[in-house]
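Reader: Please go through some of the labels used for this model. I would like each one set against its cut-off.

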Amino acid sequence: MRGILPFSVSEYTERLVRTQRLMHEAGVDVLLVSDPANMNYLSGYDGWSFYVPQVLVVIADEEHPLWIGRKQDANGARITTWFHADQIIPYPEKYVQSSDQHPMDFVADILSQIGQSKRRIGVELDAYYFSARSFEQLKRRMPNTCFKDTSLLVNRVRMIKSDQEIEYMRRAARIVEKAMRAGIHSIGSGVRGCDVAATISYAQFSGTPDYGGDYPAIVPLLPSGIKTSTPHLTWSDSHYQEGDAVILELAGCYKRYHSPMARTAVIGKASPKLQDLAEVVIEGLNTTLEAIRPGITCEEVEAVWSKVIEKRGYFKDSRIGYSVGLNYPPDWGEHTASIRKGDRTVLQPNMTFHLIPGVWLDHYGVELSETLRVTESGCEVLANFPRKLFQIPDPPLATMPVEESGA
């Protein structure tokens with residue numbers, strides 16, 4: 001019943017071994033994985049079932065994890081994972097969204113039955129889909145268990161990508177090129193923001209003639225006008241007007257691997273202030289990309305950016321990038337390394353980052369970003385798209401010179 005896995009079984013087992021090694025270092029005997037990206041990374045499981053509790057049980061001294069989830073999702077686990085049938089344990093429907101029973105009661109009972117309830121158990125306390133009630137039910141049902149917070153244990157294993165993961169991110173980059181092109185082409189005076197979002201989404205899902213796209217972990221972010229002064233607004237049904245700036249931040253997604261990109265467009269002629277800010281952001285982005293190489297730390301990368309913008313009178317106190325790759329809603333970031341002051345994570349080959357040095361001022365802002373892979377000597381920019389402030393109407397993108405795809 002198993003479907004076609006996106007990776008070889010040997011790659012999954014190698015990931016499992018690395019995870020078990022970190023479990024040993026953390027003093028954990030059993031790991032309960034509830035983050036859907038971490039679950040996918042170790043098992044292949046891919047379904048929109050994370051709105052109910054589900055866990056992957058990794059035991060430090062055993063070769064085979066267990067998937068525990070809702071009964072109606074068990075076939076999904078059989079189809080999408082590399083597990084044998086006896087590794088898939090479904091809980092009955094009576095536990096779903098019940099006031100007097102909880103799926104974690106079932107999980108606790110299973111752990112007790114297999115002799116794991118009195119061991120040191122790691123839980124992802126900061127995962128979006130591991131609720132406070134889930135933790136309370138586990139503690140109530142297993143009072144003799146020593147629980148430890150292992151929120152980012154698997155996330156850290158994910159930071160250095162395999163060659164196959166990099167290939168999936170390159171495919172996602174081809175999709176984001178198409179989606180960004182479609183979005184910029186659809187912007188104009190009198191156009192509704194929701195229609196631009198629909199055009200982008202169609203391009204994201206349809207992908208390329210060679211491979212289709214997946215749903216990204218974040219919807220297209222499309223602030224316009226004064227809303228460009230903040231980064232995380234989406235769209236409305238309002239009509240764009242002459243002089244409006246529009247920020248487009250979106251991603252291509254393939255096999256759950258993301259390649260985000262941001263660009264800024266303006267309808268008509270850009271104001272001198274907007275043009276100046278765009279020039280600063282582009283210079284800072286280009287200079288920072290040139291500085292990235294193995295052995296440099298995240299905070300050293302940020303310092304390159306800060307030096308460029310501060311000499312032009314600008315300042316940014318938020319991070320300018322983060323580790324990125326496999327994920328599910330609501331975020332495509334990996335929640336580990338951030339390119340900011342104080343982060344001494346050392347860059348290594350095949351780490352991947354979304355470098356997004358946007359600047360948001362009181363009444364306007366500019367974003368340009370790239371997804372990159374750290375190489376043996378520098379970095380590879382995954383998408384190939386003009387790095388500029390787009391002024392609408394603009395020449396068709398097919399006739400524009402494009403940036404080199406490496407930096």
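Author: Buried means under 20% relative accessible area, exposed means over 50%, and partly exposed lies in between, with a 1.4 Å probe and protein chains only. The model is predicted, so local features need pLDDT of at least 70 and side-chain atom pairs pLDDT 80 or more, while totals for chains, interfaces and linings use all residues. Residues are numbered from 1 along each chain as its sequence is written, and side-chain values use heavy atoms, without hydrogens and water.

Reader: What joins the side chains of S98 and D100?

Author: A polar contact of 2.7 Å joins them. The term needs a pair of N or O atoms within 3.5 Å; within protein, one must be able to donate a hydrogen and the other to accept it, and residues adjacent in sequence count only if both atoms are side-chain atoms.

Reader: What makes D29 buried or exposed?

Author: The relative accessibility of D29 is 13%, so D29 is buried. D29 lies in the loop between helix 1 (9-26) and strand 1 (30-33). Leaving out residues up to four places away in sequence, D29 touches M23, V58, I59, A60, R119 and R120, where contact means heavy atoms within 4.5 Å.

Technical notes:
Helix = DSSP H or I, 4+ residues; strand = E, 2+ residues; numbered from the N terminus.
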